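The following paragraphs lead through a single protein chain. Please keep the sequence and the structure in view while reading.

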Amino acid sequence: MTVEIPEKLLPLFTAANDGSLGTVGPTGAPQVSPMWFEYDAATNTLRFTHTSQRQKYRNLQRNPAMSFAIMDPAKPTRYVEARGRLLEVISDAGGDYYKHLQERYGFKRYDSPDDDVRVILVMSIEKLVGQ
């Protein structure tokens with residue numbers, strides 16, 4: 001079951017803010033990494049670029065639970081954490097979505113050596129915590 005993002009928190013999701021994606025590691029301990037993201041308003045989901053060769057991807061194949069925290073860069077005590085699960089993994093062979101996020105975050109597009117194993121992780125938003 002997804003939840004609607006309150007209007008006051010929506011700017012944290014729509015701006016090109018950095019965030020931290022948490023998954024459950026193989027020992028049950030959390031694994032948290034900084035990630036670029038994009039909010040998809042049409043599906044009320046979060047999308048991330050990643051590769052199928054990294055630990056976080058393997059974590060999500062084993063346990064689809066995930067959380068994503070975004071802090072307001074202008075006021076770090078203002079934050080939101082979205083909790084949900086992996087809904088879908090979309091192939092991004094060629095890295096087009098990765099390049100799209102490069103532009104979203106103000107970087108010049110460039111090819112990555114792992115473009116051939118790039119994927120898009122799609123996360124549900126089932127609970128929000130923040131202020």
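Asp72 is found in strand S5, where helices (H or I, at least four residues) and strands (E, at least two) are DSSP runs numbered from the N terminus. Asp72 counts as buried, at 14% relative accessibility; buried means under 20% relative accessible area, exposed over 50%, and partly exposed in between, with a 1.4 Å probe and protein chains only. Neighbours within four places in sequence aside, Asp72 is in contact with Leu12 and Arg78, contact meaning heavy atoms within 4.5 Å. The C-alpha atoms of Asp72 and Arg62 are separated by 31 Å, although the two residues are 10 apart along the chain.

The model is predicted, so local features need pLDDT of at least 70 and side-chain atom pairs count only at pLDDT 80 or more, while totals for chains, interfaces and linings use all residues. Residues are numbered from 1 along each chain as its sequence is written, and side-chain values use heavy atoms, with hydrogens and water left out. The predictor's confidence in each residue is given by pLDDT, from 0 to 100. The protein has a mean pLDDT of 93, and 100% of its residues reach 70 or more.

Leu46, not counting residues up to four places away in sequence, touches Phe13, Phe37, Glu38, Tyr39, Phe68, Ala82, Leu121, Val122, Met123 and Ile125.

Which residues of helix H2 are buried? Within H2 (residues 55-62), they are Lys56, Tyr57, Asn59 and Leu60. These residues lie on the same side of H2 because they cover an arc of only 160° around the axis, the arc being that of the directions from the helix axis to the C-beta atoms. In general, an α-helix has 3.6 residues a turn, so residues three or four places apart point the same way.

Just after H3, Gly106 takes a positive phi of about 85°.

The whole structure holds 6 aromatic pairs; rings of Phe, Tyr and Trp (its six-membered ring) pair if their centres lie within 6.5 Å, with planes under 30 degrees apart counted as stacked, over 60 as edge-to-face and the rest as tilted. Trp36 and Tyr105 form a stacked pair, 5.1 Å centre to centre with 10° between the planes. This pair links distant parts of the chain, 69 residues apart: Trp36 is in the loop between S2 and strand S3 (38-40), and Tyr105 in the loop between H3 and S7. Tyr105 is buried, with a relative accessible area of 13%. Through ring pairs, Trp36, Tyr98, Tyr105 and Phe107 are linked into a cluster.

Charged groups also meet rings. A charge sits over a ring if NZ of Lys or CZ of Arg is within 6 Å of the ring centre and within 35 degrees of the ring normal. Arg118 lies over the face of Tyr98, at 4.0 Å from the ring centre, and the charged end of Arg104 sits over the ring of Phe37, 5.5 Å from its centre. Tyr98 and Arg118 are also contacts of Ser112, its neighbours within four places in sequence left aside. Ser112 lies in the loop between H3 and S7 and is buried, with a relative accessible area of 13%.

Two further positions complete the account. Asn44, in the loop between S3 and S4, has a positive phi of about 55° although it is not a glycine. Most residues other than glycine have a negative phi. Asn44 counts as buried, at 11% relative accessibility. Gly130, by contrast, counts as partly exposed at 38% and is found in strand S8 (residues 127-130). Gly130 touches Tyr79 and Val80, not counting residues up to four places away in sequence. The C-alpha atoms of Gly130 and Tyr79 are separated by 5.3 Å, with the two residues 51 apart along the chain.
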